[in-house]
Amino acid sequence: MNTQMPIKQTFTEESLKKQFRLSEFLAEKIISSVAFLSIAIIFLIFIFVFKESLPLFSFGSDAKAKTEINATTEAKPETYGAEPTEELKPESYGAEPTEELKPESYGDTPKEDLKPETYGSEPVSQEDLKPEAYGDTPKEDLTVASADETMDAVSENQEGADKTWSTFFTTEWVPVSENPRFGLLALLFGTLKVTIIAMLIAGPLAVLAALYTSCFASKRVKEIIKPIIEMLAAFPSVVIGFFALMVLATFFQDVFGYESRLNAFIGGVAMALAAIPIIYTISEDALAAVPKTYTEASLALGASKWQTAFFVVLPAATPGIFAALLLGVGRVFGETMIALMATGNAALSSLNPFESVRTFAATIGSEMAETVFGDTHYSVLFFIGSLLFIFSFALNAVAEFYVKGKLLKKFQGK
Amino acid sequence: MNKVINESEDHFFSSKKSISDIKGTFFVGITQLAVILIIAILFVILGIIIYQGRSKFSWEFISSFPTNGMTEGGIFPALIGTFILVIVMSIAAVPFGTITALYLTEYASENSKFAAAVRFSVRTLAVVPSIIFGLFGLGFFIQFLGAGADTAFNGGELRWGQPNILWASLTMSLLTLPVIIVSVEEALKTIPRELREASLALGATKWQTIKNVVLPGSVSGIMTGTILAVSRGAGEVAPILFTGAAYYLATLPGSLSDQFMNLGYHIYIMSTQSSDVEKTMPIQFATTLVLLILTLSLNVVAVLIRSRIRRNAK
Amino acid sequence: MKDIKIKVNDLSLYYGEKKALNEITMDIPANKVTALIGPSGCGKSTFLRCINRMNDLMPSVSITGKMLVEGVDIYDRNVDVVNIRKKIGMVFQKSNPFPKSIYENVAYGPRINGIKDKTQLDEIVETSLRQAAIWDELKDRLDDSALGLSGGQQQRLCIGRTLAVSPDIILMDEPASALDPISTSKIEELIHQLKEQYTIIIVTHNMQQAARTSDHTAFFYMGELIEMGKTNSIFTKPVQKQTEDYITGRFG
């Protein structure tokens, strides 16, 4: 059959039989499993951050038993100050806070560093104290415990370890104290305050700049301003934080004349600088992705360039801009270094933008190094970390799925 | 689509033409102002840091140790620590990121759920706050891997179960992974389909094609990714706060299990916890200047390489 | 047509739901040049890419029917696609040399087949380039980048690169469509020489080219094979009305 080509006896079943190529097989398997790792990392991050906060969720008998032992040994109030407890399990310390949330209502086991003399002489309420004092000088937080209240507390001790939980919903963040209080609301309030300020500045600025870049700027101007604004993303947050701390804080204090040099406003301005490149880049992409037919249709109807930009292009790109803003929020919400350096780090809950605040991320950043492994404080910080992770994960998921769906609907009429 | 146009129709055909012109100038002016403001802020930051940092900025500052309780002297160990950090980080992140990008562009089929999950994970990694990576480094690398290794191999003696440069670098590599993946993916996509087909038509297998044609063609993309990742890693502080950065060390790190000093961390502690913030101000600004020069110049290089790749692809 | 190289039986190809090739049945003779002609989008290139299973690379493509190359169904589950492509080479519409040296371009195929010996590689490179009628032009600049060659030279280099794997069948997808007339005539001449050793299937939109180079011609229209026969008879007295319309230039 194949006389003209004696060299090649080629097309036989045998020579074409499916071959197993080891290198091929290995390459594919290795590459896929490495790719799988990035999925695994997301899970691992959540698991390991959440895992360290697990002790908070152990309402089990273990913690209870310890609490009871403590409760019995502490039955006599007189022994309080004198008894040094080796045991550092914070779960066993506090009790259920009473409704008024007044510090003095907590019955506590004093730690070693407690000075018994200060016990009775401290002012009853610390509510008015400068919050800065809370974290730094825990001793001042000791409060008078009257005999019956102490008894109350002791009995409440037996109710279990969930007291840490109930302090979560207060506005007092006093993690290092005889009766640590982990008022996440204060931190949430601080984080929200900074986020709102930052977004109020960064959102309009970045979106308007993106609108200019994509609709009004000439091609040459665009090629200059886009890389410059995106260069802002290359500024490390510690640099922005440093700039805010050293320059902005003084400048704005001179302008507005407020009291605390570092405050939510300064933090917000600095974080806006960090969020601008993100919002700008994604918004610009969204605006550029608006189909040309939209613009042309509008221009053909006699609309001017700016009318087209504001009334056609901008509305059409809304989902993308929304995603940009969401990711901007994500960035600000979890920003650590700027918060650490520029917000003053006092867990105040005041509506005044020129008061210091303390954000979630900054709390983790500043306090983690000082906690003891396995301590409640340690667990609470990891718990905050889990919250931040879930929040950023959710933001990204919304930005991804919701917005993508909207865009598809809008542009393809699906 | 129709709805949008109809809405605008009402508006466009209104008779207030001249008013609309004024409004137009105003609105365009506002957007222009936003651009100018952002760029102005950027240059003000740069200008002030250069102005304040220039007096201290010198070769001696870069090449000497801090002295006198960190109130005098240079930043040499912080610079070296940062270098080691980004090198170890790159060694971990670049192969990992490149392979993931290879999977996404070469192996994943279009409708693969798995590939979609990988993409989603990568984007999630990019938006997870950096402090979370720090927590993860502490919880996973130090407490789990490190302490686990100590118990298993060192008889419980503490060596790896504490913050060190290896754990900090690995933590940082997770943070910079998306940067690399995105850059490499972009570069892989610029390799023309014709080249892949040429190789396959010659009887090359998929892996042979990747190894001989695709990867050599995306070297510059991998480089861009690495440079961007290094720029990012050099500037991030939050992930290393409790995974290895040290306040002050009299010697350079000698092994991966040592702690290290870091430029960004140095700026942070000098400006917030220094014994004499006023006195060390020039040092702080100069350190910031060094860090900024480092990250910005790396970024410029990466942008230049990237625009060259894009031009070549056209 | 005694020596039948490829026997196609009821081959259909779908892009997702869309049917791009409809029950193609044809015989392709060995050591001849077969031209596939037809208006663009008629499926001729798609059909060509079926012969060395290049369409496997596209997602959502499904194929039914049989493609027998010397009696072996290349779409059989047990057939190795990589080996198929070693035996059925392909030259593309756009010349696509690797961004490597001329030598490396030609040596690429032998290398991936495991030939490492330098003298053997040298020999293969020389024979292949001689066969591609480009050796004399390139022998002094083998280490230069292939991207520095002219379009026609690049295309002949690509043919030489294909020959280096010593295939049995060569598929050419409009190999001269992007070239100037002189380069085109060189390629056509080359095709003429190569058919002594190889079975060649060429897709072209240029009817003169088909008439000049091929022994047999198949006319495709709307994913169907309308007519196939000796080039002479197709061009002089086509049986089908559609073929005649196309050849006389009434459409396409």
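Predicted model: local features only at pLDDT ≥ 70, side-chain atom pairs only at ≥ 80, totals over all residues.

For its secondary structure I noted 16 helices and 2 strands in chain A. I then looked at contacts in chain A between residues at least 6 apart in sequence, and found that 75% of them join residues at least 24 apart.

Next I turned to where chain A meets chain B, and found 77 residues of chain A in contact with 74 residues of chain B. On the chain A side, helix 1 gives the most, with 17 residues, and by class that side has 55 nonpolar, 15 polar and 7 charged residues.

**Helix 9 of chain B**

I checked the length of helix 9 (residues 206–217) of chain B: its 12 residues should span 16 Å at 1.5 Å a residue, and the end C-alpha atoms are 15 Å apart, which agrees. Among the buried residues of this helix I listed B:Ile210, B:Val213 and B:Val214. What covers the buried residues of helix 9 includes helix 1 of chain A and helix 3 of chain C, together with helices 4, 7 and 8 of chain B.

**A strand pair in chain C**

Last, I looked at strand 6 (residues 88–91) of chain C, from which C:Ile88 and C:Met90 point one way and C:Gly89 and C:Val91 the other, all of them buried. Strand 6 runs parallel to strand 7 (residues 169–173) of chain C, and 4 bridges join the two. Across this pair, I found C:Ile88 opposite C:Ile169 of strand 7.

Technical notes. Residues numbered from 1 in each chain as written. Chains lettered and ligands numbered in written order. Buried ≥ 20, exposed ≤ 12 C-beta atoms within 10 Å, placed from the backbone. Pairing = 2+ DSSP bridges. Expected span 1.5 Å × (residues − 1). Contact = placed C-beta atoms within 7 Å. Nonpolar A, V, L, I, M, F, W, Y, C, P; charged D, E, K, R; others polar.
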